[in-house]
Amino acid sequence: MGMEAQNPLPFAVGIMGNAVSVLVYLVPSMTFYRICKSKTTGEYQCLPYLVALFSSMLWLFYAYLKEDVILLVTINSFGTFVESIYIALFIAYAPRPARILTIKLMLALNVVVYLALVLFSMYLTKGGLRVQVFGWICVTVSVLVFAAPMSIVVRVHKTKSVEYMPIHLSVFLTVGAVTWFFYGYLVHDFCIAIPNVLGFTLGVVQMVVYACYRNAKKVGVVEEEMKVGNIKGVVAMGQTPVEPIEDPIKYVPQKDDSPV
């Protein structure tokens, strides 16, 4: 356990970070429960889970290079396991085109790109430089993962509705970012600390947006105001921004209709 064993404070903070991150990883489980129950993925997309798996795999290898961050190993092992289950379920229940696309993306990102980065770090860098280079690769990917859910903020602004902004997820992400920032700071690992500054900032932005629109009139919630039928969802990092499908009830002009 190295540095963590000698410093109980970082270890305690890391345990807190693990606990919060487990909750974040489990948020999409209800989505996959619905997928299994309906036996179809519908309009859900698998890319967020492929990216999350990619990020967990990168941090696992970084922990292997670092050697003294066991709590980074535990949470990213859990993340790799959970995201792999999500992806397997998606492939099992997705229509053939979506299944083929998911497999291709998984092979490209989680096999080819991942192995390329690992081989690059192993054979083109040495010692401390290897850890630094791979650490900054992890930072870059983590920034992209943190920034992805911000699309929901744009949708909330357009619809003036927080119907599809799960505030509990934003809270978990913000608390987790704070915890992991302090963990990185305490173990003097800024590759862990830096991306969580952005995570905290974006989490606060989401909560502020939620506070601003939580009492606003729900614009675009077709089930309640226009009764036009179903809604299709797009999963993005555990969040489910949605957009209405085309109104299934349309006026069909009759033969005797004519302008007055």
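How many helices and strands does the protein have? In this predicted model, there are eleven helices and two strands. Read along the sequence, the elements follow the pattern α-α-α-α-α-α-α-α-α-α-α-β-β. The protein has 260 residues, of which 41% count as buried. Among contacts with a separation of 6 or more, 74% are between residues 24 or more positions apart.

Two helix pairs that share H7 were examined. The axes of H4 and H7 come within 10 Å of each other and cross at roughly 155°. Angles over 145 degrees count as roughly antiparallel, and H4 and H7 are therefore roughly antiparallel to each other. The crossing of H4 past H7 is left-handed. On the H4 side, the contact is made by Val51, Phe54, Ser55, Leu58, Trp59, Phe61, Tyr62, Leu65 and Lys66. On the H7 side, the contributing residues are Arg130, Val131, Phe134, Gly135, Ile137, Cys138, Val139, Val141, Ser142 and Val145. By class, the residues of the contact of H4 with H7 comprise 14 nonpolar, three polar and two charged.

The second pair consists of helix H6, residues 96-124, and helix H7, residues 127-147. These helices pack at an angle of about 155°, and their axes are 9 Å apart. That angle makes H6 roughly antiparallel to H7. H6 passes H7 in a right-handed crossing, whereas the crossing of H4 past H7 is left-handed. From H6, the residues in the contact are Leu117, Val118, Phe120, Ser121 and Met122. They meet Arg130, Val133, Phe134 and Ile137 of H7. Seven nonpolar residues, one polar residue and one charged residue make up the contact of H6 with H7. Arg130, Phe134 and Ile137 of H7 take part in the contact with H6 and also in the contact with H4.

Helix H3 spans residues 29-38, and its buried residues are Thr31, Phe32 and Ile35. These residues cover an arc of only 90° around the axis, so they lie on the same side of H3. The cover over the buried residues of H3 includes helix H4 (47-66) and helix H5 (70-93). H3 is followed by Lys39, whose phi is positive, near 60°.

Pro48 has its place in helix H4. Its relative accessibility is 12%, and because buried means under 20% relative accessible area, Pro48 counts as buried. Pro48 and Glu83 are 35 residues apart in sequence, and their C-alpha atoms are 9.6 Å apart in space.

Thr102 is placed in helix H6. With a relative accessibility of 4%, Thr102 counts as buried. When neighbours within four places in sequence are left aside, the residues in contact with Thr102 are Cys46, Leu50, Ile87, Phe90 and Ile91.

Ile192 is found in helix H10, which covers residues 190-213. Ile192 counts as buried, at 3% relative accessibility. Its contacts, leaving aside neighbours within four places in sequence, are with Trp59, Leu72, Trp180, Tyr183 and Gly184. One of these residues, Trp59, also belongs to the H4 side of the contact with H7. Ile192 and Gly135 are 57 residues apart in sequence and 8.1 Å apart in space, C-alpha to C-alpha. Gly135 is in turn one of the H7 residues in the contact with H4.

Positive phi values were also found in two loops. Lys160 is located in the loop between helix H8 (151-159) and helix H9 (167-186). Its phi is near 60°, a positive value in a residue other than glycine. Lys160 is partly exposed, with a relative accessible area of 33%. His188 is located in the loop between H9 and H10. The phi of His188 is also positive and near 60°, again in a residue other than glycine. His188 has a relative accessible area of 59% and is exposed.

Key. Residues are numbered from 1 along each chain as its sequence is written. This is a predicted model: local features need pLDDT of at least 70, side-chain atom pairs count only at pLDDT 80 or more; totals for chains, interfaces and linings use all residues. Side-chain values use heavy atoms; hydrogens and water are left out. Axes are lines fitted to C-alpha atoms, for helices over the stretch in contact, and angles run from 0 to 180 degrees between N-to-C directions. Helices (H or I, at least four residues) and strands (E, at least two) are DSSP runs, numbered from the N terminus. Angles under 35 degrees count as roughly parallel, over 145 as roughly antiparallel, 65 to 115 as roughly perpendicular and the rest as oblique. A crossing is left-handed if the near helix is turned anticlockwise from the far one by less than a right angle, and right-handed if clockwise. Contact means heavy atoms within 4.5 Å. Ala, Val, Leu, Ile, Met, Phe, Trp, Tyr, Cys and Pro count as nonpolar, Asp, Glu, Lys and Arg as charged, and the others, Gly among them, as polar. Buried means under 20% relative accessible area, exposed over 50%, partly exposed in between (1.4 Å probe, protein chains only). The arc is that of the directions from the helix axis to the C-beta atoms.
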